[in-house]
Amino acid sequence: MILQILPVFLIIVFGYLLSVIKVAHDSWVPILNKFGLYIGFPVLILSNLIRVDREVLTTQIPVFIATMAIILGFMVLSYYAIKLFRIPKEIGLVLMTGGYFGNIGYLGFPLITAIFPEAGATVSIIVATYSISLFTAGMFLLESLSGEEKHVSDILKGMVTSPFIIAITAGLLIVILDIRLPKVILDTITMIEGSASPVVLIGLGIFMHRKIAFHTLWKPITVISGIKMILFPAIFFLASRLFGLGKPFDAAILEASMPTAITVFALSDRFPMNKELAVSIIILTTLVTPILYPLIVSFL
């Protein structure tokens with residue numbers, strides 16, 4: 001597991017060093033984030049989906065429904081908690097995303113399939129479920145919390161034209177219609193897919209070259225990290241046992257235990273999030289993963 005996580009930190013350090021030697025500058029960060037948000041990550045989702053077998057897809061419907069229900073419930077509860085307790089929006093936006101959206105692809109896929117080799121299709125569906133939730137209902141709630149004056153029609157248009165939704169729709173159509181893509185297209189998708197996480201991680205490293213006031217953020221860092229790494233997986237576990245979702249849902253429990261995704265940092269250039277808080281949570285949750293993940297696997 002350490003070997004899976006170590007490259008994440010090495011790429012962050014690489015980005016940091018690029019900033020130290022003045023090869024890279026702060027102006028790179030939003031550009032790299034936009035590449036990840038609008039190109040890299042959507043292609044990553046498309047790549048995962050088109051690998052799913054059509055017959056297997058139908059067997060994953062209960063996992064999809066249960067995962068989506070838990071995620072939507074978490075987002076709605078977070079939304080009203082932010083309103084009720086008057087949490088500052090720059091912290092609340094990080095809570096709503098970083099509190100549930102984990103590194104389900106770059107880390108989750110290889111870690112889970114290493115334990116359950118037959119779970120590849122299930123993990124792909126779960127990855128798509130997280131993306132659908134974030135870039136539909138999630139975007140709607142984030143827009144609402146951000147305080148920007150936008151009509152509902154504009155928000156819905158933004159969701160429909162989201163690269164993530166387009167990628168998910170295209171992936172599902174390819175699987176359902178059993179479309180065979182040419183090898184040259186598949187190779188291109190694979191190349192772009194491989195660039196998604198490293199590009200945003202380099203941007204994160206560049207951002208970390210600035211002085212981050214960790215001492216002023218320790219409370220929200222601790223709370224949101226605890227929600228992501230303990231409370232969120234616990235909800236999945238309880239749902240699994242209460243509703244008898246069975247062994248296939250174990251992959252969803254393990255995905256819920258993944259550290260906060262760098263997608264949250266990428267989103268910080270679109271919404272008024274506290275970038276320092278987002279970075280801190282990504283780093284902390286990733287650091288504790290080698291400790292917590294084996295415990296959760298043993299528990300299951």
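S257 is buried, with a relative accessible area of 2%; buried means under 20% relative accessible area, exposed over 50% and partly exposed in between, using a 1.4 Å probe and protein chains only. S257 sits in the loop between α12 (250–256) and α13 (263–267). Helices here are DSSP runs of H or I with at least four residues, strands are runs of E with at least two, and both are numbered from the N terminus.

This is a predicted model, in which local features need pLDDT of at least 70, side-chain atom pairs count only at pLDDT 80 or more, and totals for chains, interfaces and linings use all residues. Residues are numbered from 1 along each chain as its sequence is written, and side-chain values use heavy atoms, with hydrogens and water left out.

The pLDDT is the predictor's confidence in each residue, from 0 to 100. Its mean for the protein is 87, and 96% of the residues reach 70 or more. Where pLDDT is low, the predicted coordinates should not be read in detail.

**Residues and their surroundings**

Apart from neighbours within four places in sequence, S257 is in contact (heavy atoms within 4.5 Å) with K228, M229, P233, Y293 and I296. The S257 side chain also reaches the backbone oxygen of L254 at 2.6 Å. A polar contact is a pair of N or O atoms within 3.5 Å; within protein, one must be able to donate a hydrogen and the other to accept it, and residues adjacent in sequence count only if both atoms are side-chain atoms.

T129 belongs to helix α7 (residues 120–146). From T129 the side chain reaches the backbone oxygen of I125 at 2.7 Å, and T129 touches F64, T67 and M68, not counting residues up to four places away in sequence. N274 is in the loop between α13 and α14; beyond its neighbours within four places in sequence, N274 contacts E90, V94 and L217.

| Residue | Relative accessible area | State |
|---|---|---|
| T129 | 0% | buried |
| N274 | 17% | buried |
| D178 | 35% | partly exposed |
| K22 | 60% | exposed |

K22 lies in the loop between α1 (2–20) and α2 (28–49), and D178 in the loop between α9 (163–176) and α10. Phi is near 65° at K22, a positive value in a residue other than glycine. Phi of D178, also a residue other than glycine, is positive too, near 55°. Most residues other than glycine have a negative phi.

**Helix packing against α14**

Axes are lines fitted to C-alpha atoms, for helices over the stretch in contact, and angles run from 0 to 180 degrees between N-to-C directions. Helix α10 (residues 183–208) and helix α14 (residues 275–299) pack at about 120°, with axes 11 Å apart. L204, F207 and M208 of α10 meet K275, E276, V279, I282 and I283 of α14. This contact of α10 with α14 has six nonpolar, no polar and two charged residues. Ala, Val, Leu, Ile, Met, Phe, Trp, Tyr, Cys and Pro count as nonpolar, Asp, Glu, Lys and Arg as charged, and the others, Gly among them, as polar.

The axes of helix α11 (residues 218–242) and α14 come within 9 Å and cross at roughly 35°. Residues of α11 in this contact include P220, I221 and F237, and those of α14 include L277, S280 and F299. The contact of α11 with α14 divides into eleven nonpolar, four polar and no charged residues.
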